[in-house]
Amino acid sequence: MILLQTMIKIAVDAMGGDNAPEVIVDGAIGAARESEGRFEVLLVGLEEKVRKELDRHHRLKKLYHRVKKLPISIVNATQTIEMGESPIEALKKKPNSSISLGIQLQKEKKADAFVSAGNTGAVMAATLLRLDRLEGIDRPAIATFVPTEHGTAIVLDVGANVDCKPHHLLQFATMGSIYSQYIFNRENPKVGLLNVGEESSKGNELTQKTYQLLASSSLNFIGNLEGKDVLHGTADVIVCDGFVGNVLLKLTESVIVLFFSIIKQHVYTNLWAKIGAFLLKPALKQFATDFDYAEYGGAPLLGVNSTCIICHGRSTAKAIGNAIRLAAQFVEKRVNEHIKEALKKYQMAKK
């Protein structure tokens with residue numbers, strides 16, 4: 001008997017983000033065009049506005065060539081949660097919001113993943129309240145990417161948990177290691193603990209106790225990392241609490257802005273500087289690409305019983321498209337199942 005594989009369905013918050021729904025629809029269309037039957041996009045939002053954007057694309061494409069029917073459908077949501085709203089209050093007052101319905105689709109098994117550039121707190125709250133955590137996970141973590149000299153490293157947590165205990169960081173390390181292995185094809189990923197020094201005795205009580213847990217685990221733990229090691233690519237997975245991780249993330253994001261601002265200031269000082277900048281343009285363009293968050297799409301919320309990708313509020317169409325592709329890959333590679341298996345092995349080893 002041959003089992004037919006069901007197409008992956010990815011719910012996308014069409015009303016989330018600074019430039020919704022235009023940018024969200026643009027990104028969804030780009031991803032759907034390249035889906036090759038792998039996944040279907042469910043745009044969750046105010047139907048009239050979403051359809052207007054889809055019709056705009058249809059009219060433009062019709063001018064140039066025959067339009068192919070894309071695997072995109074609309075799920076009407078009559079409410080929108082704004083960025084500044086209190087997550088819990090908003091979820092209570094707006095049960096028909098695009099975030100609420102997007103998460104509900106997963107609960108009802110009508111969607112396999114959810115992508116949102118909307119209110120991060122509301123996305124996290126809705127996910128935890130309705131879909132719960134994976135067995136063995138106490139605190140879900142947001143995992144994001146940082147460019148390094150040797151490719152890309154994963155950092156977690158970057159904001160979901162500002163106060164952590166050592167076993168939380170061990171769980172983060174386990175999830176990050178699995179994510180790195182199956183999404184980035186890193187065999188036996190190197191795990192590092194972000195700290196103020198390399199020695200095991202350095203740091204506060206949290207990092208010292210976490211060091212001992214990681215050292216006695218089956219993970220490929222390489223020890224403490226200092227801030228200078230992050231962009232060198234010393235580790236594939238960098239573990240820290242959400243307070244430290246969020247500071248690191250924001251600092252890393254600002255590096256590219258500062259770099260090009262300084263370059264621009266010096267380029268206009270004389271003709272030779274302008275010529276040099278022109279010759280370096282291809283290299284500078286690649287550098288900007290390496291640091292561009294849009295290349296990675298979004299950050300997965302690891303540890304929840306679902307696939308949830310959180311995007312920047314200012315996400316571009318490119319970022320949304322890449323987030324949708326990441327969500328599809330997450331489901332295809334069965335990342336959550338592998339995390340659960342790894343946690344079970346750890347629990348058995350403890351016994």
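Hi everyone, and thanks for having me. Before anything else, please keep in mind that this is a predicted model. The chain averages a pLDDT of 87, and 90% of its residues score at least 70. There is a stretch to treat separately, though: over residues 63-67 the pLDDT is below 50, and beyond near neighbours in sequence that stretch has three contacts in the model.

Let's start with the helices. Take helix H1, residues 22-33, and helix H11, residues 317-332: their axes come within 7 Å and cross at roughly 50°. Angles between 35 and 65 degrees fall in the oblique class, so H1 is oblique to H11. As for handedness, H1 passes H11 in a right-handed crossing.

Who makes the contact? On the H1 side we find Val-23, Ile-24, Asp-26, Gly-27, Ala-28, Gly-30 and Ala-31, and H11 brings Ala-317, Ile-320, Gly-321, Ile-324 and Arg-325. Sorted by class, that gives seven nonpolar, three polar and two charged residues.

Five strands make up an open sheet with mixed pairing, and the order is E6-E7-E10-E8-E9. Which strands stand at the edges? They are E6 (144-148) and E9 (220-225); each has a single partner strand, so one side of each is left without a neighbour in the sheet. From one strand to the next, the twist averages 30°.

Strand E7, residues 151-156, and strand E10, residues 237-239, run in the parallel sense and share three bridges. Here Leu-156 stands opposite Val-239 in E10.

Leu-156 comes up again in the backbone geometry: a cis peptide bond joins Leu-156 to Asp-157, with omega about 10°. Asp-157 itself belongs to the loop between E7 and helix H6 (166-183).

Asn-185 lies in the loop between H6 and strand E8 (190-194). Its phi is near 55°, a positive value in a residue other than glycine.

That's my tour, and I'm happy to go back to any part of it with you.

Technical notes. Residues numbered from 1 in each chain as written. Predicted model: local features only at pLDDT ≥ 70, side-chain atom pairs only at ≥ 80, totals over all residues. Heavy atoms only, no water. pLDDT = per-residue confidence, 0-100. Contact = heavy atoms within 4.5 Å. Axes fitted to C-alpha atoms, helices over the stretch in contact; angles between N-to-C directions. Helix = DSSP H or I, 4+ residues; strand = E, 2+ residues; numbered from the N terminus. Parallel < 35°, antiparallel > 145°, perpendicular 65-115°, else oblique. Left-handed = near helix turned anticlockwise from the far one by under 90°. Nonpolar A, V, L, I, M, F, W, Y, C, P; charged D, E, K, R; others polar. Pairing = 2+ DSSP bridges.
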